[in-house]
Amino acid sequence: MYLILLGPPGTGKGTQAKRIAERLGLLHIATGDMFREAVQQDSELGRLAKSYMDRGELVPDEVTIAMVEERIDQPDAREGAIFDGYPRTLEQARALDEALRRRDKAVDIALHVTASDDVIVRRLSGRWLCDGCGEIYHEQHRPPKQESKCDGCDGQLKQRADDKPAVVRERLRHQRPSVELLAHYRDRDDLVDIDGEGDIDAVTRDLLAAIEKIKATVR
Ligand code: AP5
Ligand code: MG
């Protein structure tokens, strides 16, 4: 199965993608995580991506598409994947369709997770990430057992550079899924809207229920 999680910044895509990937045994492909790794390694890709991420803008399509195509060429992506934060533009959506078509596959469902701006800002301002394994925490909604330490790997928890209020405002301005992107999936009946404002377990339940519904028809 190839699943897509769409939605504005901070609606819970990463949190939910990790849970669903684990539950369904799917590979989790998160373009934001891939760019952050490249930034940490200070590679050429990382330096380029950082110049956009720091401003709350999207990394250019050409670069993003090439990175994802390389990733889905790996053997562990053959049986399926959950895409988190990709595609974000119509061009990326078309490139993904084409890349999967070449492998005789297709997107099975695009899950569009929504939340109000107030909820998004509260979620992003309280978010902490493990610098070891990337686990996502929240000061109120998902606190670690020990302050600043990851429950799983004992790594140090850090705030993301782009969670500063000024950058969050820019991300919300530039990075909501466009009408065209949503229409791309809605027009072929692949889009399901999911209310992301419930608690983490409730949103997971709704996502899994939507996936179950289409599982019988998987190509
Ligand atoms: P990316 O890392 O994808 O950032 P994003 O889209 O802004 O989304 P976030 O990761 O901020 O939020 P999320 O929806 O994953 O929420 P999370 O689960 O963490 O991208 C970063 C940058 O990379 C972009 O700005 C862009 O520059 C670049 N980029 C990435 N992909 C690209 C692409 N395809 N094309 C071009 N450029 C690209 O949850 C947020 C917080 O809320 C956490 O603290 C969590 O614990 C909490 N939370 C989650 N769910 C709930 C819930 N139901 N109730 C209460 N709290 C919750
Ligand atoms: Mg994320």
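Reader: Which pocket is the space taken by ligand 1?
Author: The space that ligand 1 takes up is the largest pocket. A pocket here is found on a 1 Å grid over the protein atoms alone, as an open set of points with protein on both sides within 12 Å along at least five of seven lines; a cavity is a set where a 1.4 Å probe fits but cannot get out, and lining residues have an atom within 4 Å of a point. A molecule counts as sitting in one of these if more than half of its atoms lie within 2 Å of its grid points.

Reader: Before I go on, what kind of model is this?
Author: This is a predicted model, in which local features need pLDDT of at least 70 and side-chain atom pairs count only at pLDDT 80 or more, while totals for chains, interfaces and linings use all residues. Residues are numbered from 1 along each chain as its sequence is written, chains are lettered from A and ligands numbered from 1 in the order in which they are written, and side-chain values use heavy atoms, with hydrogens and water left out.

Reader: OK, how many residues surround ligand 1?
Author: There are 36 residues around ligand 1, and the closest are T15, E57, R88, R127 and R171. A residue is counted as near if one of its heavy atoms lies within 4 Å of the molecule or strand in question. By class, this shell holds 11 nonpolar, 15 polar and 10 charged residues, where Ala, Val, Leu, Ile, Met, Phe, Trp, Tyr, Cys and Pro are nonpolar, Asp, Glu, Lys and Arg are charged, and the others, Gly among them, are polar.

Reader: And which helix gives the largest share of the shell?
Author: That is helix 2, with 4 residues. At least two shell residues each come from helix 1 (13-24), helix 2 (31-41), helix 6 (117-125), strand 6 (136-138) and helix 9 (200-215). Helices (H or I, at least four residues) and strands (E, at least two) are DSSP runs numbered from the N terminus.

Reader: What lies 2.9 Å from an oxygen atom of ligand 1?
Author: That is a polar backbone atom of G10. A backbone N or O atom of Y137 is 2.8 Å from an oxygen atom of the ligand, and a polar side-chain atom of R123 is 3.3 Å from one of its nitrogen atoms. Of the 1000 Å² of accessible area that ligand 1 has on its own, the protein covers 97%, using the Shrake-Rupley method with a 1.4 Å probe; for residues, only the protein chains shown count as cover.

Reader: You mentioned strand 6; is H138 buried or exposed?
Author: H138, which is found in strand 6, counts as buried because its relative accessible area is 6%. Buried means under 20% relative accessible area, exposed means over 50%, and partly exposed lies in between, with a 1.4 Å probe and protein chains only.

Reader: Which backbone oxygen does the side chain of H138 reach at 3.4 Å?
Author: It is the backbone oxygen of R123, and a polar atom of the H138 side chain also lies 3.1 Å from the backbone oxygen of R122. A polar contact is a pair of N or O atoms within 3.5 Å; within protein, one must be able to donate a hydrogen and the other to accept it, and residues adjacent in sequence count only if both atoms are side-chain atoms.

Reader: Back to helix 2, what does the side chain of T31 reach?
Author: T31 lies in helix 2, and its side chain reaches the backbone oxygen of G85 at 3.1 Å. T31 counts as buried because its relative accessible area is 2%.

Reader: New topic: which residues does a cis peptide bond join?
Author: Y86 and P87 are joined by one, with omega about -5°, and P87 is in the loop between strand 3 (81-84) and helix 5 (90-102). Most peptide bonds are trans, and most residues other than glycine have a negative phi.

Reader: What is phi of D189, then?
Author: Phi of D189 is near 65°, a positive value in a residue other than glycine. D189 is in the loop between helix 8 (179-186) and strand 8 (191-195), and it counts as exposed because its relative accessibility is 70%. D154 also has a positive phi, near 70°, and its place is in the loop between strand 6 and strand 7 (157-158).

Reader: Last one, where is G56 found?
Author: G56 is in the loop between helix 3 (44-53) and helix 4 (61-72), and it counts as buried because its relative accessible area is 0%. Its C-alpha atom is 15 Å from that of D33, 23 residues apart along the chain.
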